[in-house]
Amino acid sequence: MNAENLECTSISDTEPREPLDGDVERRQWSLGGVTSTLVNRILDHNSTITFMSIVTVYALYGDDVRKLAFQPSADNVFVALSAMAFAIFTLEISLLCWCRASYLPKPNIEAVKKVLGEWEWRDSTSSWLRELGESLQVGSFYFWLDLISTLSMGFEMPWMNYSEDIHTAVDVSIAGKASLAGASAAQKLKVIRMVRLVRMAKLYKYLSTKQSTKRVRPGNNAGTDPYLVPTESHVGAEMSDRTTKKVIIGILVMLIGIPLLQADYVHYRNEFIMKMVFDNRLLLSHDYNIAAFERWEFSESLLMDTTNCIGVTYRGFDDGVRDNAIIPADRPRPADLRKEALSIITISILESSKTMTSIFDSSDRVREEALLGIILTSFIVVLLGLGMISFTKDVRHLVIVPIEKMIQLVREISENPLGTGFSLTEDKTQNDDMETTVLIRTISKIAGLMRVGFGEAGADIIGKNLNITTGGHNINLLGNGKKIRSIFGFCDVRQFTDTTECLQEEVMLFVNRIAHILHSIVVQCDGAANKNIGDAFLLTWKIPANCAGSAKDLNYAGDKALYSFVKTMIEMIRHEDFLCNFSPRALSELYERMPGYKCRIGCGLHFGWAIEGAIGSSKKIDASYISPHVNMSETLEASTKEYGVPLLMSEPFYNLLSTEAVAGCRKVDVLNLGKGGHASGLYTYDIDLSVRFVDNVEREKEQDYGHIEKQSIFSVKRDKKKAPAAVNANKSHGLGELPVIRVSNDFPNVWRTDIDVVRVTAHFNGHQRSQWKSGMQALVDGKWDMAKAYFEDVLKQSEDTDVPSKIMLQRMRAYNYCCPESWPGHWQS
């Protein structure tokens, strides 16, 4: 019975077991009506495990019990039982190889090619060799142990022992040497047979499986019984498996190493007396006399009296004396003894064909070896069992049980975050100083969630509360704020109300897809997302308090903020298909209400101070910023609709930009934004959002979305009845395939090197920009007639599309293009 079986043993004999995540991979096919699933269920059944455990016990003790307690006449029965056990183990291995892929894995050729291709750039040779070994692995750990232990039984079969008949061996001059070699081989064979002891590990696993019936099954209330242990985790199963393997390997190394390091003790008494008898017989053959004959008979009788000799044969002596010794009547005959109980020694000389062969009765030695074999086997079994119990007990107490309980607690919290009375919340049995990988990962996830939830504005809050060493479990969230300087960017999705009414529940996909593009670019440009308010997003770029000077001194924070919004608008054009990937119903309503709809955003950028901190109560907080400068960025975004531009910037922000970024900006107005009467300029970065990018045009299909017919409710119902799969196939269950967006951080050169930026700014040339600048200066100076001419020229060159020019002309037209006498040089906001 293979130890791999017990990892997936059924907990109930009658109930079908639900597959757990830790189950081994199983092949699913059928052969002659017998499926691999059925074979797995049979192998995993408790009855099968019990039967195979009995067969395992026989394989361990059977041969030694045969020699110790039974007559030679019973050998054939034991041979038949051993053959049956050998066949059963072979069948079991074959079935496991057939129905379980993890039992006999094969080399992964693709993985081998990949690992070999990584040789040149891998830093660690050991990790490379480990991965290569895993890719080339043939057979699992338990497969090779089962195979070796089963093959070791084959050496005990009679057909594997090709020894000649005892009487024939007596006549061979080298029979004695062969006997010694055979005894040494038998000793080494016992070491090989000890490999079968690894099967005892399955008995331990079987008892462990029985204990698992007391475990909490998924869905049960673990909090009702404090003695129930959570379901075994992957970490627990892996740790137990590794510990068992280490114990098995350690025992096998000990078994193989100890005999090899011990000297063989050989007794020469029999050989010494035989040599004396042989020498006297040689003297007798050379010079036959009464004295020589008496010396030979005395030495022979001494051999019979002092040893268990049961047969002596002389060959090559032509002296007329008998060729066989006289054996006492109480000695057994060689034919009545087992072959392993016969010790054959032959003495000869090289110059002659004269030999003397003696047979000794070694039954006492064989019985002693059998008894010692049983004792050794039992000792190893006890040692193996105690080792596994000791290892697993410590590991379970210090690592596995705490991990499983923490996993259960995390699971309960994740299922009901607002619930109370979790079963393991008040567990005080574990050492608080213990550290586990799962705990570290869990803390990392919690910290990640806090970072995402609080954002950059809450980083200080998280840091202070996690570093509190006094005050118990108190959390300080609602203290004083912190004054910071930052760039504030505010984005708003155009026509969001109408879009929401058309998309309904799919509006979440729409907003999150926009957020994916916007946040991906902002984070790469060293910014941070602060608030997501439906159709609006607040982004920040913090400026160190003591940092001032040029754009380079500020690490081009202004350029990065402006570039983030410009790049976001470009990527929204490029990924229009991704943003508007909705169901047919939503698309039909969207394009019916707004033909030719394109997803666009408006942006406002401002620089100033703010108070950073937590807003709310102990029930709910938001980490954000409070400042009129935050509201200013929102005001700027709202004004983009009036000025007909996608982006507006305040003068404080404009002053942070590099010369390269300023080259694409223009002042669209001068307003008195504050109560103190201080005039401030409004700036925009001229972008043509009608540009169609090549990769977007090639992907665009020839279809007019403005004429998509809206499906009636009856047609939808009819389609559901006819082909529900087709209707559900168009429904989005996620954001879809997220585009990977990479931006350049080569500031300030990015304004010249980014081809996309160059394309969207090419529509407003240098002449137009110069004319506009002259017009704005004339407007401020009160020379409205000149300003009118400049603005009209810019409007003409833009083919009547430049909205800021229209606004300036409209305002001057209200005064009949005559500057008022009290003109302060700016408009009132």
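Student: Where does Arg 600 lie?

Tutor: Arg 600 lies in the loop between helix H20 and strand E9, the latter spanning 601–616. Helices (H or I, at least four residues) and strands (E, at least two) are DSSP runs, numbered from the N terminus. This is a predicted model, in which local features need pLDDT of at least 70 and side-chain atom pairs count only at pLDDT 80 or more, while totals for chains, interfaces and linings use all residues. Residues are numbered from 1 along each chain as its sequence is written, and side-chain values use heavy atoms, with hydrogens and water left out.

Student: Which residues does Arg 600 touch, not counting residues up to four places away in sequence?

Tutor: Contact means heavy atoms within 4.5 Å. With that criterion, Arg 600 touches Asp 492, Val 493, Arg 494, Met 572, Ile 573, Glu 576 and Leu 689. As for C-alpha distances, Arg 600 and Pro 646 are 46 residues apart along the chain and separated by 8.4 Å.

Student: Among contacts between residues at least 6 apart in sequence, what percentage join residues at least 24 apart?

Tutor: The figure for the chain is 73%. The chain has 31 helices and 14 strands.

Student: How is the packing of two helices described?

Tutor: Two packed helices are described by the angle between their axes and the distance between the axes. Axes are lines fitted to C-alpha atoms, for helices over the stretch in contact, and angles run from 0 to 180 degrees between N-to-C directions. Here, helix H17 (residues 507–524) and helix H18 (residues 557–574) have axes that come within 9 Å and cross at roughly 145 degrees.

Student: Is the crossing of H17 and H18 left-handed or right-handed?

Tutor: A crossing is left-handed if the near helix is turned anticlockwise from the far one by less than a right angle, and right-handed if clockwise. The crossing of H17 and H18 is right-handed. On the H17 side the contact is made by Ile 514, Ile 517, Leu 518, Ile 521 and Val 522. H18 contributes Ser 564, Phe 565, Lys 567, Thr 568, Glu 571 and Met 572. These residues divide into 7 nonpolar, 2 polar and 2 charged. In that classification Ala, Val, Leu, Ile, Met, Phe, Trp, Tyr, Cys and Pro count as nonpolar, Asp, Glu, Lys and Arg as charged, and the others, Gly among them, as polar.

Student: Which residues of helix H16 are buried?

Tutor: Buried means under 20% relative accessible area, exposed over 50%, and partly exposed in between (1.4 Å probe, protein chains only). In H16 (residues 496–503) the buried residues are Phe 496, Thr 499, Cys 502 and Leu 503. They cover an arc of only 125 degrees around the axis, so they are on the same side of H16. The arc is that of the directions from the helix axis to the C-beta atoms. Their cover includes strand E6 (482–493), H17 and helix H20 (584–593). Over the chain of 829 residues, buried residues make up 43%.

Student: How many disulfides are found in the whole structure?

Tutor: A disulfide is a pair of cysteine sulfur atoms within 2.5 Å. The search finds 0 disulfides. Cys 603 is in no disulfide, and its nearest cysteine sulfur, that of Cys 491, is 3.7 Å away. Cys 603 is buried, with a relative accessible area of 0%. Cys 502 is also buried, at 2%.

Student: What is phi for Asp 526 and for Tyr 556?

Tutor: Asp 526 has a positive phi of about 65 degrees although it is not a glycine. Its place is in the loop between H17 and strand E7 (528–533), and Asp 526 is partly exposed, with a relative accessible area of 46%. Tyr 556, also not a glycine, has a positive phi near 55 degrees. Tyr 556 is in the loop between strand E8 (536–543) and H18, and counts as buried at 16% relative accessibility. Gln 504, which follows H16, has a positive phi near 55 degrees.

Student: Is the peptide bond from Phe 747 to Pro 748 cis or trans?

Tutor: That bond is cis, with omega near 5 degrees. Pro 748 is in the loop between helix H26 (724–729) and helix H27 (750–753).

Student: Is Leu 386 buried or exposed?

Tutor: Leu 386, in helix H13 (residues 363–415), is exposed, with a relative accessible area of 55%. Leu 386 and Val 247 are 139 residues apart in sequence and 9.9 Å apart in space, C-alpha to C-alpha.
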